[in-house]
Amino acid sequence: MTEQTTEQGISTAIITRDDRVLMIRRREREGKLLWAFPGGGIEAGETAEQAAVRETAEEVDLEVKAVRSLGERVHPQTGRHMSYVACEVVGGDARVADEEELAEVAWIRLDEIPDYVPWGLFGPVQEYLDETLGA
């Protein structure tokens, strides 16, 4: 049986609508990261799915529902424990709601991802986006 680490993990929402995925530009870089998916710290008693939904509402004022987990890893740029959650839009329009943290939001096409994340996405996230947006 494996013990859950006590270090706070980060949950990230992979939100697709039509043929695009939502990305945010943070005001402060995290290592090389400037553009990322909405997300943030998983709070005590919260699942990765709940954190992804909550953080999306807080950061971009978008109501989403978690569809499925896409996997976890230690992020190679930041060293943080990351969970990736596929989400669907339930309501609202994405905007910069957390002006202290975010500078910009963008709905980007699959072929634009390398412009925003030149070193590539986590494999299962890329596969999900290829399936979802590549149709």
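**Exercise 1. In which loop is Ala94 found, and is Ala94 buried or exposed?**

Some ground rules before the solution. We're working on a predicted model, where local features need pLDDT of at least 70, side-chain atom pairs count only at pLDDT 80 or more, and totals for chains, interfaces and linings use all residues. Numbering runs from 1 along each chain as its sequence is written, and side-chain values use heavy atoms, with hydrogens and water left out.

*Step 1.* Ala94 sits in the loop between β6 (81-91) and β7 (102-109). Strands here are DSSP runs of E, at least two residues, and helices are runs of H or I, at least four, numbered from the N terminus.

*Step 2.* With a relative accessible area of 19%, Ala94 is buried. The cut-offs: buried is under 20%, exposed is over 50%, and partly exposed is in between (1.4 Å probe, protein chains only).

*Step 3.* Skip the neighbours within four places in sequence, and Ala94 is in contact with Arg17, Leu22, Val60, Leu62, Val105 and Trp107. Contact means heavy atoms within 4.5 Å.

**Exercise 2. Work out what span helix α1 should have, and check it against the model.**

*Step 1.* Take 1.5 Å times one less than the number of residues.

*Step 2.* For the 13 residues of α1 (48-60), that should give 18 Å.

*Step 3.* The end C-alpha atoms are 18 Å apart, so the model agrees.

*Step 4.* Look just past the helix: Asp61 takes a positive phi of about 60°.

**Exercise 3. Find what joins the side chains of Glu46 and Arg54.**

*Step 1.* Glu46 lies in the loop between β4 (39-41) and α1, and is buried at 19% relative accessible area.

*Step 2.* Arg54 is among the buried residues of α1.

**Exercise 4. Describe the largest nonpolar core.**

*Step 1.* A nonpolar core is a set of buried Ala, Val, Leu, Ile, Met, Phe, Trp, Tyr and Cys residues joined through side-chain atoms within 4.5 Å.

*Step 2.* The largest one has 20 residues, and Ile14, Val21, Phe37, Val125 and Leu129 have the most contacts inside it.

*Step 3.* Its largest share, 4 residues, comes from α3.

*Step 4.* Apart from that core lies another, of 16 residues, and Ala94 is one of them.

Terms used:
A polar contact is a pair of N or O atoms within 3.5 Å; within protein, one must be able to donate a hydrogen and the other to accept it, and residues adjacent in sequence count only if both atoms are side-chain atoms.
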